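Open the model in your viewer and keep the selection tool at hand. The stops below say what to pick next and what is there.

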Amino acid sequence: MSNPFRYFNSSPEVIRLVVMKYVRFPLSLRNVEDLLAERGIDVSHETVRFWWNRFGPMFAAEIRKRRVAHMRGYPQWRWHLDEVFVKVNGKLCYLWRAVDHEGEVLEAVVTARRDKVAALKLLKRIMKTYGGPRSIVTDGLRAYSAAMNEIGVAGERHEVGGRLNNRAENSHQPFRRRERAMQRFRCLKTLQKFSSVHAQVHNQFNQERHLVTRPVYKQRRSAALAEWRALAA
């Protein structure tokens, strides 16, 4: 396999640092440029844009591959499905998101409509990748029930409730903050691309803080910070 960094003067570590910083935090392209200049790295905001478009999906695919291989070895307990409105050039479209019981994003799908076909598209994607869960939690949207009846996931495995789906509702907040920093999106393709990459990068930094003991969490956090300092040095 050819080296994707072959024709770039910057090191792969710097490129990965720039892409991860831009996707992970609600920063503009020029904010990333200023932060890198403070560390002695001379990179323009247009270079940040080019690197994110070129290497963002590749880094997200690496994270996704590792996590899928790990998650398929364990039974899926509960999934939470939800959708939000997103404006693209003044028109409303819908971002469908599926998260597991730990808050990790399984899949993000962008559609122009909010119907059974869109819900079925989301369900088929996540079930093809991760298998079937023990239960699925949604809100009261009828499109979910219709899609689950078609693929045979209904009855006791389908839970409907407002507060039961808080896990999915909260998963939209990091993306909303990122959306405001980017001053919205211009096309559906860009929205789909960024939402998929952002979901995987968010999973990478999900430390499962509510499950691990505090000393173990501190150890993991220290290791993550040390890795970031090594990349930025």
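Start by selecting Arg-142, which lies in helix H5, residues 142-151. Helices here are DSSP runs of H or I with at least four residues, strands are runs of E with at least two, and both are numbered from the N terminus. Arg-142 counts as exposed, at 74% relative accessibility. The cut-offs are these: buried means under 20% relative accessible area, exposed means over 50%, and partly exposed is in between, with a 1.4 Å probe and protein chains only.

A word on the model before moving on. It is predicted, so local features need pLDDT of at least 70 and side-chain atom pairs count only at pLDDT 80 or more, while totals for chains, interfaces and linings use all residues. Residues are numbered from 1 along each chain as its sequence is written, and side-chain values use heavy atoms, with hydrogens and water left out.

**Helix pair**

Select residues 12-24 for helix H1 and residues 45-71 for helix H3. How do their axes cross? They come within 9 Å and cross at roughly 90°. Axes are lines fitted to C-alpha atoms, for helices over the stretch in contact, and angles run from 0 to 180 degrees between N-to-C directions. H1 and H3 are therefore roughly perpendicular to each other. That label covers 65 to 115 degrees; under 35 counts as roughly parallel, over 145 as roughly antiparallel, and the rest as oblique.

Show the side chains in the contact, meaning heavy atoms within 4.5 Å. On H1, pick among others Val-14, Val-18 and Tyr-22; on H3, residues including Trp-51, Trp-52 and Phe-55. By class, this contact has 13 nonpolar, 1 polar and 2 charged residues. Nonpolar covers Ala, Val, Leu, Ile, Met, Phe, Trp, Tyr, Cys and Pro; charged covers Asp, Glu, Lys and Arg; the others, Gly among them, are polar.

**Salt bridges**

How many salt bridges does the structure hold? There are 10. Each is a side-chain nitrogen of Lys or Arg within 4 Å of a carboxyl oxygen of Asp or Glu.

Select Glu-107 and Arg-64: their closest N and O atoms are 2.8 Å apart. Glu-107 sits in strand S3 and Arg-64 in helix H3, 43 residues apart. Glu-107 is buried at 10% relative accessibility. Arg-64 is partly exposed at 22%.

Next, pick Glu-159 and Arg-78, a salt bridge with closest N and O atoms 3.5 Å apart. Glu-159 lies in strand S5 (158-160) and Arg-78 in strand S1 (76-88), so the pair ties together parts that are 81 residues apart in sequence.

Then go to Arg-114 and Glu-83, bridged at 2.9 Å between the closest N and O atoms. Arg-114 is in the loop between S3 and helix H4 (116-130), and Glu-83 is in strand S1. Arg-114 is partly exposed at 36%, whereas Glu-83 is buried at 9%.

**Last stops**

Select Glu-104, in the loop between strands S2 (91-100) and S3 (105-111). Is Glu-104 buried or exposed? It is buried, with a relative accessible area of 6%.

Finish at Arg-177 in helix H6, residues 166-181. Arg-177 is partly exposed at 40%. Phe-25 is 152 residues from Arg-177 in sequence, yet 8.7 Å away in space, C-alpha to C-alpha.
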